[in-house]
Amino acid sequence: MTLVGALGAFALGACLGSFANVCIDRLPRGLSPVRPRSSCEACGHPIRPVHLIPLVGYLLVRGRCASCGQSIPLRLPLVEALGGLLAAASFAAFGPSWEFLSSTLLLVVALAVSVIDGKHQVIPDRLTLPGLAVGLALSLLPGRPTPVEALLGVVVVGGLLALVVFFYPAGMGGGDVKFMAMAGAFLGWTKGLLALFVASLAGSVVGLALIGLGRRGRKQPIVFGPFLAIGTAVAVFAGPKLLSLYVGWRWAGH
Ligand SMILES: [Zn+2]
């Protein structure tokens with residue numbers, strides 16, 4: 001892995017993170033993520049192009065609107081930095097490849113979904129349904145799960161979670177199902193199932209811990225988006241290794 005490549009990946013991820021911020025702000029309110037151009041929430045002044053550069057812009061204006069001085073939420077540079085780090089990690093794992101590009105896209109969408117679900121308890125269709133179509137289209141590229149594996153990912157992973165939601169509607173909703181169907185399209189059905197398994201495990205452990213600590217009522221639903229995102233990240237980075245361990249264990253006669 002070259003340093004230049006990793007820095008380029010970081011820059012790409014930070015730009016995607018910047019777009020994720022726009023989606024986080026606008027999609028839950030039913031607004032377009034592309035129009036109008038970004039302006040200050042407080043004074044409505046359009047933001048200068050140089051101040052829109054991810055992370056650099058935030059540092060240039062020292063975290064405040066250049067026009068009215070209103071402080072900019074720390075979440076904006078944090079999501080940009082996380083987007084950059086996820087892309088750099090994906091470049092370290094996959095090198096310059098379609099798998100790198102596709103994993104980066106999936107991880108940044110998962111990041112946006114985590115923040116939106118955490119803030120609004122909703123996962124917007126306008127993120128997951130176009131994402132699902134992109135995931136299926138990317139399966140046509142070399143070095144990726146095949147189109148059949150991607151379609152099976154949508155049906156098997158989304159279908160399994162839909163069954164869970166059907167029988168246990170209090171915990172999760174259709175937004176979670178559509179997110180996992182999308183993740184299945186990107187990951188293929190084997191890694192998609194692994195993502196769902198890890199997400200359920202992490203969600204259960206944290207949910208039970210919160211109940212144990214008295215921080216949450218037994219009936220209170222937990223926000224599942226961030227756990228789905230964690231499961232997805234584990235499947236992206238550790239998926240092949242974990243699945244080969246499992247297959248090896250099966251072959252050993254268990
Ligand atoms: Zn302002």
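Axes are lines fitted to C-alpha atoms, for helices over the stretch in contact, and the angles between their N-to-C directions run from 0 to 180 degrees. In this predicted model, the axes of α4 and α5 come within 11 Å and cross at roughly 170°. Angles over 145 degrees count as roughly antiparallel, and α4 and α5 are therefore roughly antiparallel to each other.

**Packing of α4 and α5**
- On the α4 side, the contact is made by Trp98, Ser102, Leu105, Val109, Ala112 and Val113.
- Leu127, Gly131, Val134 and Leu138 are the contributors from α5.
- Classified by residue type, the contact of α4 with α5 has 8 nonpolar, 2 polar and no charged residues.
- Ala112 is in contact with Leu127, and also with Ala20, Cys23 and Ile24, when its neighbours within four places in sequence are left aside.

**Nonpolar core**
- The largest nonpolar core has 63 residues, and those with the most contacts inside it are Leu111, Ala112, Val113, Met180 and Ala183.
- Two or more residues of this core come from each of α1 (3–26), α3 (75–94), α4 (98–120), α5 (125–138), α6 (147–167), α7 (174–212) and α8 (225–251).
- The largest share, 16 residues, is supplied by α7.
- Domain 1 (1–96) and domain 2 (124–254) each give at least three residues to this core.

**Domains**
- The domain assignment divides the protein into domain 1 (1–96) and domain 2 (124–254).
- Taken over C-alpha atoms, the centres of domain 1 and domain 2 are separated by 26 Å.
- Between the domains, 5 residues of domain 1 are in contact with 4 residues of domain 2.
- The side of domain 1 that touches domain 2 comprises 5 nonpolar, no polar and no charged residues.

Notes:
Residues are numbered from 1 along each chain as its sequence is written. This is a predicted model: local features need pLDDT of at least 70, side-chain atom pairs count only at pLDDT 80 or more; totals for chains, interfaces and linings use all residues. A nonpolar core is a set of buried Ala, Val, Leu, Ile, Met, Phe, Trp, Tyr and Cys residues joined through C-beta atoms within 7 Å. A residue is buried if 20 or more other C-beta atoms lie within 10 Å of its own, exposed if 12 or fewer, and partly exposed in between; C-beta atoms are placed from the backbone. Helices (H or I, at least four residues) and strands (E, at least two) are DSSP runs, numbered from the N terminus. Domain bounds come from an automatic or database domain assignment. Two residues are in contact if their C-beta atoms, placed from the backbone, lie within 7 Å. Angles under 35 degrees count as roughly parallel, over 145 as roughly antiparallel, 65 to 115 as roughly perpendicular and the rest as oblique. Ala, Val, Leu, Ile, Met, Phe, Trp, Tyr, Cys and Pro count as nonpolar, Asp, Glu, Lys and Arg as charged, and the others, Gly among them, as polar.
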